[in-house]
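Colleague: Before we talk about single residues, could you show me the model and tell me which cut-offs you apply when you sort residues by accessibility?
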Amino acid sequence: MLASSCSSRTGRLARSCEDVVEAIHNELVKIKEEMRNGQVSLEKYVITKALTKPPEAYPDSKSQPHVQVALRMRQRGVKEGFNAKDTVPYIICYEQGNASSVSSAGIAKRARHPDEVKSDDSRLLVDIDYYLAQQIHPVVSRLCAEIQGTSPERLAECLGLDPSKYRSNDATSSDPSTSLLFATSHEERGRISPAMIANQVKRQIDGFLSMYYKGTMMCDDESCKHTTRTPNFRLLGDRERGTVCPNYPNCNGTLLRKYTEADLYKQLSYFCHILDTQCSLEKMDVGVRIQVEKAMTKIKPAVESAASIARSIRDRCDYGWVQLTDIAI
């Protein structure tokens, strides 16, 4: 609930890219301060999950927060609302004066029913760090993934988290040829040859191809997020073979590819688009086009080789082709 509230607050911003990025960062700082200062209502921290069977029937109950809460409440004599198919609410906490238990105790052991937290004699405090790191940051990072000017590290910094834990190792991070992107002086740009541009584009594409063929799959259940390169070939109902989460029956999630054919084809098409000088000219007004066209005559030979490489690799991608024999008329 807290994550959806925060994402709706950051998602309403719609101005220039720079203004949006600055507003997102400021909003996250504000959210962090509100949480740290106790200005967020307890209801915002409530997480809910349904019991698929009686809590005593879970073989891994010690690792399931909602099961631990249900078992504790049943031991206290409160059985209504804690049976199979019931939805159990809980809050991740730690005991006041015992902050060291946060690192030693698992999430399931620190899950408490809202009534336990609200009781007059309660010494439980909401684990703000958990909600910032596990509930807010992942959601905001996914929402901001396509926005230029920010990154998971920067978002973590705004939330008061250690940014070094969120550094991404993407396809460009280990590529020495990315220094070409930062050539700003005329002298530096003059040393960039068409072969260097083509080589950089090819290395970037190879990185995305490697990411695709790595075949990493992730469970779509937010509480599981099991990641693997080895599919589970268990057959379950009408699910496609290889998509059942290895943690079944404790998790009913589905394994999905982290980087799909559509993602790869979209990336290849993007390379083709930004290197297509003719397409750029056609989208300009006539008055502007005449002025830009002269400068473009110098740029076109420099990027043509890179554009040709990008097009040839994209055209070999089966995702962009339609098999007419498979179409029913």
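Modeller: Under 20% relative accessible area a residue is called buried, over 50% exposed, and in between partly exposed; please keep in mind that this is a predicted model.

Colleague: Why does Lys225 count as partly exposed?

Modeller: Lys225 has a relative accessibility of 28%, and because this value lies between the cut-offs of 20% and 50%, the residue counts as partly exposed. Lys225 is placed in the loop between strand 5 (217–219) and strand 6 (227–228), and its phi is positive, about 55°, although it is not a glycine.

Colleague: What makes Lys85 exposed?

Modeller: The relative accessible area of Lys85 is 75%, and exposed requires over 50%, so Lys85 is called exposed. This lysine sits in the loop between helix 3 (65–75) and strand 2 (87–95), and Lys85 too has a positive phi, near 80°, without being a glycine.

Colleague: How do you know whether Gln204 is buried or exposed?

Modeller: Gln204, a residue of helix 9 (194–214), has 7% relative accessibility, and because that is under 20%, Gln204 counts as buried. Its C-alpha atom is separated by 10.0 Å from that of Leu268, which lies 64 residues away along the chain.

Terms used: Residues are numbered from 1 along each chain as its sequence is written. This is a predicted model: local features need pLDDT of at least 70, side-chain atom pairs count only at pLDDT 80 or more; totals for chains, interfaces and linings use all residues. Side-chain values use heavy atoms; hydrogens and water are left out. Helices (H or I, at least four residues) and strands (E, at least two) are DSSP runs, numbered from the N terminus. Buried means under 20% relative accessible area, exposed over 50%, partly exposed in between (1.4 Å probe, protein chains only).
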